[in-house]
Amino acid sequence: MNILLIILAFILNSAAHLLLKVGATSGLHLQSYNPLYLVRENYIVLIGLFFFAASAACYFFVLRVLPVSVAYPTIIIASVVMINLVAYFYLHESIGIWQLLGYVFLIAGIFLIYYFKKWSMNEFLTAFFWGIAILISLLGWGFLAMRAF
C-alpha cells in the first residue's frame, strides 16, 4: 500500500505541473463571468489544480506510514525526473548535459535514502518504474485527447 500511495502522489504531482505548464502556455481565458465558459476554456488548468489537491491528499496518507525524510525527497525527486522526461519528449523542451548529470545525482540520492532505510531497494525500483510507466501512458492518452479538440 505504501508503494501505491507514493506512486500515486508523484504521478499526480507530475501531471499537475505539466497540466499547469500546458494551461499557462495557452493562457487563462477570463473574458466572461459565466462559470460554464470559464470551466470549458480553462479545463486544463482546473484539472491540474485538482491533481495538486489529490497529490496533497495522497502525500498526507504517505506521511502516516513513512517518515517525512524519506517520503518528501522520493516524491519530489521522482516528480522532477518525470516532469523533465515528459517535457523533453512531449513538450519538446531542451535538456542539457549538466541537467542530465543533475538528474543522475538526484536519482542516486534516492538510492542512498532507501539504502539506509528499512524499505527495500526492490520495492523502491518497482514503485519508481511503475510510476514512470503509468505517468507516460496517462500523459500519452491525455495529449492524444487534447489533439482531438
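Modeller: A crossing is called left-handed if the near helix is turned anticlockwise from the far one by less than a right angle, and right-handed if clockwise. The model under discussion is predicted.

Biologist: With that convention, what is the handedness of the crossing of α1 and α3?

Modeller: The axes of α1 and helix α3, which spans residues 43-65, come within 8 Å and cross at roughly 155 degrees. By the convention above, the crossing of these two helices is left-handed.

Biologist: How are α1 and α3 oriented to each other?

Modeller: The angle at which their axes cross is roughly 155 degrees. Angles over 145 degrees count as roughly antiparallel. The orientation of α1 and α3 is therefore roughly antiparallel.

Biologist: How many charged residues has the contact of α1 with α3?

Modeller: Sorted by class, this contact has 22 nonpolar residues and six polar ones. The number of charged residues in the contact of α1 with α3 is none.

Biologist: Which secondary structure pattern does the chain follow?

Modeller: The chain has six helices and zero strands. Read along the sequence, the pattern is α-α-α-α-α-α.

Biologist: How is α1 oriented to α4?

Modeller: Helix α1, residues 2-26, packs on α4 at an angle of about 45 degrees, with the axes 9 Å apart. This angle makes the orientation of α1 to α4 oblique.

Biologist: In the contact of α1 with α4, which residues of α4 take part?

Modeller: α1 passes α4 in a right-handed crossing. From α1, the contact draws on I6, A9, F10, N13, S14, H17 and L18. By class, the contact has eleven nonpolar, five polar and no charged residues. The residues of α4 that take part are T74, I75, I76, A78, S79, M82, I83, V86 and A87.

Biologist: Is N13 buried or exposed?

Modeller: N13 is found in helix α1, and leaving aside neighbours within four places in sequence, N13 is in contact with F52, S55, I75, I76 and S79. A relative accessible area under 20% counts as buried. With a value of 8%, N13 is therefore buried.

Biologist: Which residues does I83 touch, not counting those up to four places away in sequence?

Modeller: I83 lies in helix α4, residues 68-89. At 18% relative accessibility, I83 counts as buried. Not counting residues up to four places away in sequence, I83 touches S14, H17 and L18.

Biologist: What distance separates the C-alpha atoms of I83 and N13?

Modeller: Along the chain, I83 and N13 are 70 residues apart. The separation of their C-alpha atoms is 9.1 Å.

Biologist: How many nonpolar residues are in the contact of α3 with α4?

Modeller: α3 and α4 pack at an angle of about 145 degrees, with their axes 9 Å apart, and α3 passes α4 in a right-handed crossing. The contact is made by Y59, V62 and L63 of α3 together with V68, A71, Y72 and I75 of α4. With no polar and no charged residues, the number of nonpolar residues is seven.

Note on methods
Residues numbered from 1 in each chain as written. Predicted model: local features only at pLDDT ≥ 70, side-chain atom pairs only at ≥ 80, totals over all residues. Heavy atoms only, no water. Helix = DSSP H or I, 4+ residues; strand = E, 2+ residues; numbered from the N terminus. Buried < 20%, exposed > 50% of the residue type's maximum accessible area, 1.4 Å probe, protein only. Contact = heavy atoms within 4.5 Å. Axes fitted to C-alpha atoms, helices over the stretch in contact; angles between N-to-C directions. Parallel < 35°, antiparallel > 145°, perpendicular 65-115°, else oblique. Nonpolar A, V, L, I, M, F, W, Y, C, P; charged D, E, K, R; others polar.
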